[in-house]
Amino acid sequence: MKDRVALVTGGSRGIGRAIAIELGKAGAKVAICYKQNDELGAKVAGEINENGGNAKAFKADVNNSTEITSLFKSVKESFGPVEILVSNAGIIRQCPIALLSEQEWDEVVDTNLKGTFTCTRLAVRDMMRAKWGRIIIISSDAGRLGEAMGSHYAASKAGAIGFAKSAARELAPYNITVNAVTPGYIETDMTAGTEAAVRAKQIESVPARKMGSPQDVAWLVAFLASEKGQYITGQTISVDGGLFM
Ligand code: NDP
């Protein structure tokens with residue numbers, strides 16, 4: 001992965017942060033995209049640079065195509081064209097279908113699914129020219145299992161799996177692999193607010209009887225992004241202690 005240019009959306013916290021650090025360790029030049037917290041974005045880039053890597057943080061909302069176009073331009077100016085895209089930025093909201101507003105549906109689906117499309121569309125143009133690329137889309141087991149009170153979240157994540165498979169079929173002749181990674185319950189800010197009783201039930205549903213760490217996801221993503229992942233495409237791979245099987 002030495003000197004490959006990687007872009008990790010949502011790279012300032014949680015799973016994205018662990019992925020950015022892992023790719024940085026493997027020698028990639030890492031662009032970290034985040035939505036609002038400048039300090040955290042800069043901190044992750046700093047951590048990679050202090051350890052001999054090459055990283056830079058960029059503020060851009062994946063839900064805003066103008067900002068995403070500028071992001072790709074800035075990354076290209078700093079590092080070169082994106083060769084590894086990790087579409088990880090995502091949000092979760094909970095609401096029963098009967099009370100779910102169109103606005104909340106759009107916020108979740110636009111961030112998680114349209115954001116993935118917008119970033120992929122810009123990334124593949126250079127990847128097709130270079131005849132090399134890796135796209136890893138962080139979906140969720142919720143997209144395979146469904147989620148009560150999270151229909152918009154699960155729909156966006158299931159959509160991301162369909163999008164990944166379609167892109168994999170379309171882009172395989174260009175030596176571009178596209179895979180979806182579906183985490184189960186991972187310890188991050190996203191899951192930190194879960195009520196203790198709900199959390200205990202969730203853990204009980206996992207064969208491994210524990211939550212995963214962002215690092216568990218990062219190891220798989222780094223493998224898929226490496227040369228060793230060259231013949232793996234169109235797959236949906238869970239990192240979930242056996243939750244989905
Ligand atoms: P966190 O909430 O911990 O971190 C989210 C990251 O995404 C932050 O860096 C945040 O930046 C960024 N982000 C959010 N919205 C946008 C946006 N519109 N534009 C750009 N960046 C944005 O999430 P996790 O690490 O837990 O989740 C990462 C991914 O993994 C998500 O797609 C999530 O759905 C998926 N996932 C997580 C699971 C879990 O158990 N944690 C399970 C299954 C899937 P900022 O702080 O600046 O807003």
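**Close-up views of helix packing and the ligand shell**

**View 1. Helices α4 and α6 pack side by side in a right-handed crossing.** α4 passes α6 with right-handed sense, meaning that the near helix is turned clockwise from the far one by less than a right angle. This is a predicted model: local features need pLDDT of at least 70, side-chain atom pairs count only at pLDDT 80 or more, and totals for chains, interfaces and linings use all residues. Residues are numbered from 1 along each chain as its sequence is written, and side-chain values use heavy atoms, without hydrogens or water. The axes of α4 (residues 102-130) and α6 come within 8 Å and cross at roughly 15°. Axes are lines fitted to C-alpha atoms, for helices over the stretch in contact, with angles from 0 to 180 degrees between N-to-C directions. The two helices, α4 and α6, are therefore roughly parallel (angles under 35 degrees). Helices are DSSP runs of H or I, at least four residues, numbered from the N terminus.

**View 2. α1 passes α2 in a right-handed crossing.** Here the axes of α1 and α2 (residues 38-50) come within 9 Å and cross at roughly 25°. That makes α1 roughly parallel to α2.

**View 3. A shell of 31 residues surrounds the ligand.** The closest are S12, Q36, N88, Y153 and T188. By class, the shell holds twelve nonpolar, 14 polar and five charged residues. Asp, Glu, Lys and Arg count as charged; Ala, Val, Leu, Ile, Met, Phe, Trp, Tyr, Cys and Pro as nonpolar; the others, Gly among them, as polar. α7 gives the most to this shell, with three residues.

Notes:
Near = heavy atom within 4 Å. Parallel < 35°, antiparallel > 145°, perpendicular 65-115°, else oblique.
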